[in-house]
Every structure is written in C-alpha cells, then in structure tokens.
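Please examine the sequence and the structure shown below. The paragraphs that follow lead through selected helix contacts, sheets and backbone features.

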Amino acid sequence: MAYTNQDYLDIYTDLTYARECSLVIEEYALSGRMPGFQHPGIGDEALMVGIFSELQEGDWIVPEHRARPMVGKLTGLDKWLAEIMGKKMGFCGGLSGDSHFFNKEAHLGPYSGFLGQAQAMAVGRALQYKLDKVDGCVVIGCGDGTLNEGVVGEALNLIAAWKLPVVWYIQNNGWSIASKATDVTGLTDMSQRAQGYGIPSGTYDGTDVLTVKEVMHEAMAKARKGEPSLVEFQTKRWTGHFLGDPQELYRDMSEVEYAKANKDPVKKMREFLLAHKTATEEELDAITAAQHQYCVDQMEKALQSPDPDPADVLNPALVYAPF
Amino acid sequence: MAEKMIMNAFNEVLGEEMKKDKDIIFVAESVKGTVFGLGGMLALPEEVHDRVIDAPISEAGFAAACVGAAVAGKHPVCDLMFADFTSLAYQAIVMEAAKLRFVTNNQAEVPVVFLACQGQGISGGLHHSNNVEGWFMQAPGLVVMTPSTAADTAGLFRAALHQKNPVLFLLHKTQLAAKGEVPDDYVVPIGKADVVQEGTDVTVIASQYMRAYAEKAIKKVEKDGISVELIDPRTILPYDREAFAASAKKTGRVLILQESPLTGGPAAEFSAAITEDCFAELKKPVARLGGANTSIPYGLGSEAAVMPSVADIEAAIRDLVK
C-alpha cells in the first residue's frame, strides 16, 4: 500500500494514543484511583492499531481482549473508561464492565465473559452479512489461549463450511494467562489450526504496524468477497495477564526486556518518521503530550461521573421486552 | 378451524411466518435431506427453502451463531432436536441469549427460538429422554414454552415469533402426531395458563405427558363424583401465578405434576407461589408428583418406573379429597 506523510503521522498518533491510554490506566489503577481489574495491551499497539485502522464503514469487529484503547476509540474514550468502571455514563450503562460490551453504531461486539463465546456469536453476525449481502466483512480476534476453547473449533468449522466473510486473527503473545502457550497447545504455529478446519492462513510479525496493515488489508478485501482466512500475529506481552500480576513468578523477564528494547512499535514508528524526516522530535513529542493529556482528561471525566442507581439495575425492561 | 397433528400445526405456522418475515432462518443438523427435515417432517413451502440452513454437528457453535445472528437482526429458529442437547448449548441459551439485553443496557436484543423435543416415552435412553424445562426456570430473560396440544403449539409458536425475547420452545416427543382442533391465526398470550376443564374439588396442574396421564386419571375419579379443575401452564417461564391462585382458592386442594425429577423442579416453584398466595384457603398442603430422583433407564418398562403413572395420579387426587 502507498502511504502519504500524513498517513504515517496518523498511524503514529494512533500508536501513541494507544500507548498513552494504557499507561494512564496503569497509573490510575495502580495508585488506587481506578477500580476493577485491568488487562493491558502495552507493547501490542502495532496489532491493535494495524487492525482497527483497516476497518471500513461496512465492517464489523469482535476483537481479542487486549485491544482496549482501540475499542475506546470506536465508542468514545470517556464512555469506554466509564463502562470499565461500572459508571452510568458507560456505553452499556455500566452494566457490562470490560467484558460483555456491545455497541451497534461502532459495529462492535457483543463480547462475553466466556472466552470463545464472543467469537462463536460473531459467526452469526457473519452469517447475517452473507444472507443480507452486506458490503463488508467481520473481523474476529482471539488470543493464543482462547484458541483452545472447544467452541472456537466449532466456530472455525462453521466459517469454513458456510463460507462466511470473516478475517479471524490470532494475537499470539506466547502466554495463555500464566501458562506458556506451547505448554498448553500442541502447536507452535497457531495458524495451522485454521488449516485443520479448511481455512487458508498464515503467520506474521504482529509488532510491525505496517505489516499488520498490509496483511489485514488483503485478508479483509478477500473476506468482503466471501473468502474467509485466518492470520496469526506473533507479539509480545509486556505486562502480566492483569495489572498487578507478579509475572516474574512464571516468566523469564529477559523476554520482556528484549521486546521493550527491540520490538516497541511506538519507538519503531518514531525512529522511522525521524529517519525519513517526516517529523521532528519536537513535533512527535507534542503528539505524545497531546494524546497523554487527552487520555487524562477522559479518565477524569469518567471518574467523576455518577454510578448507576439501583433502580437502573432493577429496571424490568432490561429483562424482557413487552410480550 | 381445522384438526391437525401437532407437528403439522407447527410446520404450517413456521411456513406462514417464514413467508411473511424474510429474516426468519431455520438452522438444524441434517435438515435438508432426512425424514426429520425437508425430506419429511419439516414440510415448508419451496420459496423459503433457501433460509433453511444445514448445520454441522456442533450444537454449542451453531447455537451461539444463532444468538449472534439474532443480535444482527435475523430471526433464527435454532433446532436442537432433542431437549437433552440444550445442555450443549447452555452457554448460548442461558449465558448469552437470556442476558444480552440486560448486560448491553437494552442495546442488544436476541429474538431467537431454540426448538427441541423433550421427555420420555420412546425408549430414548439416558441422553434422549430428559424433560428439561426445570433447568431453564432460573434464566430471567428467557421464555420457556411447553405446549401440549396442536392449538397451543400453533398459538405459542406464533406468539414466540411475534416478539423479541429469546424462547426455548419444547414440544413433547410422544405428542408430535397428537391431533387437535386449531383455530385459524391462533395466538396464545405468553405467560397465560389454560383452564382445560373447570371443577370444584381439586386443582391439577400439568402439561404435555403428565397432562395426558392426568386426563386419564381424572376420568376415573370423576366416576366417583370428584370434580377436578385441570390447568395447563403452557409456559413455564413466565408462569401464570394468578391462574394457579384463582383455582387454588376455589378448590383448596392442589396437585402439581412434573415429569422431571421432583427435587427443585417447576412444581416446587408453583407450590411455593400457591402457598404464599392461598394459605388461608388451602385445605391440605399443596401436593406434588414428579419423576423419581434418579436417572432415566433404557427400555419402556424401566422408563415407566421413574415417572408417575396414571394410577399414582389417581391415588394422589383421591388422597387430597379424603
């Protein structure tokens, strides 16, 4: 694909936004100002930005669970932060929190607290796309751990057998919660799973945003014509499974040090822009500062917003529509 | 008005509604060719056949897909065949379909009908004979329908397709060929029981197989002048608490029947509600008969041992009026 200078700057802005969003959440959560468990995607910005930036108007996405800053971009960051804090201003009224969300306008979800279920439900969205001849594709994401859920196998078979307009991406960061992926999976190349179900697939470097964009661009074009495929992106998880998870207990931390030094997608893009004189240090620093401030502002707004009333939670209209 | 078998009453409503509502899709295993599908029992007009979708043997997967398709605006009828297999689709039915409206703050709705045949009576063995309605009473957001007649089958299925809540539609596998009069364009209001016959001495509450047995027992006790009011709940969730209370206040003596193992089933819920509402009027404690608290064996003779018999029901009615 061909990119203009502005395209590159926009990609850098998104990468920086995603990084700053995660860092602000980390800061507020670890200092006790933000309630709840957080599952950061620090280090994974190339994957989430690369994928979400390729979504066109008619497409739909059910992402894996670390793409949170980009989910926030689709829904409005203040509404997403409010949702993960259980606030009334959240885009699901605070009832979902981080795991059960749905937003029709954003073409997002529904997600599920059961790993694998959201992906299986997304097969139904893809079926609707095929039946109604929607001009678009459905992007379904899962982590290396979720790939082992039985219902995921059923979903992959349904996609292949029914020939659905899907791009399925695997975010393989090598860790299924606190288990090494290769200790709990029979494969090292996770994309082979797709071949087992009859879906063409490949494995790619998920730490390079331009690689992710190219791969998704091609796969999504095929999917919009009704040809499903699966892409595995290999990435590195910098943090533990959740914020506060003492990952030194189960991980060789040199893996994390190496990734931070050599596979930082934000740093790589910054070096690229400087090397090609597309921007100066000052201009890039200004972008970082602006994104940081934006995330802080949305965080403060969400933190100060009200909780749901008990009456909201007990509203019978949430249980049954009129018969 | 016409006399029809339950199976045909169902098919005709499905065919009519599929012609009118282009979003209805019918998803089932081996539905195109076999005697259970378009090749036999599922008689549907040609023009809707492209919305009849053959599913692989993966109940968890295609039930979840039907939930997703419903959220996406389709109106799926998801045929799980045997009610026992709802256990494979439990996540989709209870954890997703019943709960998505709530957890998305009313942004998602799930107008899906999960269809299955339940119950004993054909020597189906351990995993093809369960009556599952009790399993799903604790799923607020779900509607559970258990029609016993051709009219109620047509009326409830039409009602199910005309509203937006997820429905578990349970037919009884011994009743598919049972005939009954079906009024044209019949719709049964959801959550309303049917007073099948009025009486003054004893209220009997039963549906499907247990209702058929109850009707035989009632004929016997009527010969001795015992007047029985028979109520068919028709829906297990939500259920018609008012109709049960009105009858219990009239007769003061209630017998509730349940095919599934007695402990913790719908009869317990109905009994608690009736006792709360009618304590002053009850002449005896609410009585229940249910399946034995064990598993279902293979073979019709052994099957009968784990379910209330006509004689058991007759004895229970007589006991209430002593």
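**Helices, sheets and backbone features**

In α2(B), the residues A63(B), A64(B) and V67(B) meet A92(B), E96(B) and A97(B) of α3(B). By class, this contact of α2(B) with α3(B) comprises 5 nonpolar residues, no polar residue and 1 charged residue. The model that shows this contact is predicted. Helix α2 of chain B spans residues 59–71 and helix α3 of chain B spans residues 90–97; they pack at an angle of about 30 degrees, with their axes 8 Å apart. Because angles under 35 degrees count as roughly parallel, α2(B) is roughly parallel to α3(B).

On the side of α6(B), the residues involved are M210(B), Y213(B), A214(B), K216(B), A217(B), I218(B), K220(B) and V221(B). They meet V310(B), I313(B), E314(B), I317(B) and R318(B) in α10(B). The contact of α6(B) with α10(B) contains 9 nonpolar and 4 charged residues, and no polar ones. As a general point, an α-helix has 3.6 residues a turn, so residues three or four places apart point the same way.

Chain B also contains an open sheet of 7 strands, arranged in the order β3-β2-β4-β5-β7-β6-β12 with mixed pairing. Its edges are β3 (52–55) and β12 of chain B; each has a single partner strand, so one side of each is left without a neighbour in the sheet. On average, and with direction ignored, neighbouring strands of this sheet are turned by 20 degrees against each other. Within the sheet, β4 (residues 75–82) and β5 (residues 113–118) of chain B run parallel and are joined by 5 bridges. One position in this pairing is D79(B), whose bridge partner in β5(B) is L115(B).

In the loop between β11 (228–232) and β12 of chain B lies R234(B). The phi of R234(B) is near 65 degrees, a positive value in a residue other than glycine. Is R234(B) buried or exposed? With a relative accessibility of 7%, R234(B) counts as buried, because the cut-off for a buried residue is under 20%. In the loop between β12 (235–237) and α7 (241–251) of chain B lies P238(B). The peptide bond that joins L237(B) to P238(B) is cis, with omega about -10 degrees.

Chain A has an open sheet as well, in which 5 strands follow the order β1-β2-β3-β7-β6 and the pairing is parallel. Here β1 (60–62) and β6 (201–205) of chain A stand at the edges with a single partner strand each, so that one side of each has no neighbour in the sheet. The twist from one strand to the next averages 20 degrees. Strand β2(A) pairs with β3 (residues 166–172) of chain A in the parallel sense over 6 bridges, and C142(A) has I170(A) as its bridge partner in β3(A).

Helices lie across this sheet. In chain A, α5 lies across β1, β2 and β3 and runs at about 170 degrees to β2(A). Helix α6 (residues 150–162) of chain A lies across β2, β3 and β7 (229–234), at about 150 degrees to β3(A).

P110(A) is placed in the loop between α4 (77–84) and α5 (117–131) of chain A, and a cis peptide bond with omega of about 5 degrees joins G109(A) to P110(A). K133(A) is found in the loop between α5 and β2 (138–143) of chain A. Although K133(A) is not a glycine, its phi is positive, at about 50 degrees. The relative accessibility of K133(A) is 73%, so this residue counts as exposed.

Finally, α3 (residues 68–75) of chain A is largely enclosed by the rest of the structure, because 6 of its 8 residues are buried. These buried residues are R68(A), P69(A), M70(A), V71(A), G72(A) and T75(A). They pack against α1 (5–30), α2 (45–52) and α4 of chain A. After α3(A) comes G76(A), which has a positive phi near 100 degrees.

Technical notes:
Residues numbered from 1 in each chain as written. Chains lettered and ligands numbered in written order. Predicted model: local features only at pLDDT ≥ 70, side-chain atom pairs only at ≥ 80, totals over all residues. Heavy atoms only, no water. Helix = DSSP H or I, 4+ residues; strand = E, 2+ residues; numbered from the N terminus. Buried < 20%, exposed > 50% of the residue type's maximum accessible area, 1.4 Å probe, protein only. Pairing = 2+ DSSP bridges. Axes fitted to C-alpha atoms, helices over the stretch in contact; angles between N-to-C directions. Contact = heavy atoms within 4.5 Å. Nonpolar A, V, L, I, M, F, W, Y, C, P; charged D, E, K, R; others polar. Parallel < 35°, antiparallel > 145°, perpendicular 65-115°, else oblique.
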